[in-house]
Amino acid sequence: MSKEILTVVELLSHEKGVSEGVIFEALESALATATKKRYVEDAEFRVAIDRETGDYETFRRWLVIDPDRELEEDEFPNPDAELTPEEAEEKDPALAIGDYFEIPVESVEFGRIAAQAARQVLTQKVREAERAQVLEKYLPRVGQLVSGSVKRTTREAVIVDLGNNAEAMLMRTSLIPREIFRVGDRMRALLTEIRPEVRGPQLMLSRTDPEMLIELFKVEVPEIAENIIEIRAAARNPGSRAKIAVYTNDGRIDPVGACVGMRGSRVQAVCSELDGERVDIVLWDQDPAQLAINAMQPAEVVSIVLDDDTRSMDIAVREENLAQAIGYKGENVRLAGQLTGWELNIMTDEEAAQRQEDEALSYIRGFMESLAVDENVAAVLAEEGFTSIEEVAYVPIDELRAIEGFDDELVEELRTRAKDALLAQEMAQGESGEEPAEDLLNLEGMDKELAYKLAANAIVTREDLAELATPDLLEIEAEIGEERASALIMTARAPWFEDAEQEAGALSPQEGEPAETSTGS
């Protein structure tokens, strides 16, 4: 029987692709299970198989337990497999809690009955070993390309055989549109994740993920695999069109040309793998505006205006290039937006010019109304890039003085009017909806502009100001400086100290009156 065991182990190891050690452990567990049927069901046994000869021995074992341990809800004492420390000491004084006491028993024969009892345990152990092998092999490959053959197809997914007992699932939603695979077809896909499931780890694939595009270029372009060229961004409309942005620090290399290849051979190999998906390769640029211009290729950009607050760009192109810039069903501009991470608004150069003219007119009207200046002065401010009265009030004064035709007197007058207009706005639209109280307006060192700004932030009275700390006041109005902020707060707190002095005087003995004395009892 010993030779038979060694033969079984060798055959199963080759058939299942798992180590002989795992098979030996499964057989030992199976033989121990078969042995239990000869004895009490709750007894525990250990089988030890000699890896060289195939001979095996069987031992019945008892665990030395802590009698004071807390039992689980469905756990009960098992005298057939457990010993208390006192019982263990009678058998062997050297035993401690957690040790096993073992005695040899007759081994079951490795025959038909034992083999049947072992089958289920063996199958489970082998399956667990296979799952562990799959995890060990493919967990480091998440985000990389894997290849295999189609094993079967269902309505929801394509099952791919990766070899060595590993299967992967490619959902229909992760297939390129109109792509059809039949049983036996070879394919490459991106391993996106490994999902833990009861029946084993489930490897999930995708052929629509933008990362697959990057991985394919790594295969076709050695400079990318060697990190000489980087793919900084990628965007796809699977099966139709894609864009990648490439960059290199090596000035001797043209990153776009390297990715295109001789007569387009490299990019064509990628397109063929993606069912004819057209790939645009553009140069990466740190400047988002320049990157957007590159990403809009082949459309030529006439002008571009950025809005950092909304992360959007207004891009102007010529009328004849408008359809090309937008692309079929907006595909070109959408992919360019995904590549840059900005929202791109496409318009003709005439529309852009009209929009700029409308904006300029609105700025001019705003300056004329808020600053009470004529159209010429307002137009000069708009032409110089001023868009709000806040800029007129607080930009460095030298920027206004540098404007041709603006003398010092005009500059000072414009800044004064701008600050007055802002103050009027704050008075009319304060966040708290309140006006400053008289005691705050009349506070020494306070000015009207600051008082209304404080009221707009719910600091309405002198008492409200007294309760502030210097950093709180500077957060509302940083321009007054720490010294003035501290002085204003201390002035507002002055009544506190006066009240404290009066209270202290009321408690002290009056002049000419003897102080009270106390006598101990």
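Two strands count as paired if DSSP finds at least two bridges between them. In this predicted model, strands E1 (residues 44–49) and E2 form a hairpin with 6 residues between the strands, where Gly-54 has a positive phi near 85 degrees.

**Strand E2 and its partners**
- E1 and E2 run antiparallel, joined over 6 bridges, with Arg-46 opposite Phe-59 of E2.
- Strand E4 (residues 100–105) also pairs with E2 in the antiparallel sense over 6 bridges; here Arg-60 has Ile-103 as its bridge partner.
- Strand E3 (residues 82–83) pairs with E2 in the parallel sense over 2 bridges, and Leu-83 is the bridge partner of Val-64.

**Nonpolar cores**
- The largest nonpolar core has 24 residues, of which Leu-213, Phe-217, Ile-244, Val-279 and Ile-281 touch the most other members.
- At least two residues of this core come from each of helices H5 (210–220), H7 (255–260) and H8 (265–273) and strands E10 (229–237), E11 (241–248) and E12 (278–283).
- H5 gives the largest share, 5 residues.
- Beyond four places in sequence, the residues touched by Ile-244 include Leu-213, Phe-217, Ile-231, Ile-281 and Leu-339.
- A separate core of 23 residues includes Ala-292, Ala-295, Ala-299 and Leu-344.

**Glu-223**
- Glu-223 lies in helix H6 (residues 222–225).
- Its side chain makes a polar contact of 3.2 Å with the side chain of Arg-266.
- Outside four places in sequence, Glu-223 is in contact with Ile-228, Ile-229, Ala-258 and Arg-266.

Key:
Residues numbered from 1 in each chain as written. Predicted model: local features only at pLDDT ≥ 70, side-chain atom pairs only at ≥ 80, totals over all residues. Heavy atoms only, no water. Helix = DSSP H or I, 4+ residues; strand = E, 2+ residues; numbered from the N terminus. Polar contact = N/O pair within 3.5 Å; in protein donor to acceptor, adjacent residues only side chain to side chain. Contact = heavy atoms within 4.5 Å. Core = buried A, V, L, I, M, F, W, Y, C linked by side-chain atoms within 4.5 Å. Buried < 20%, exposed > 50% of the residue type's maximum accessible area, 1.4 Å probe, protein only.
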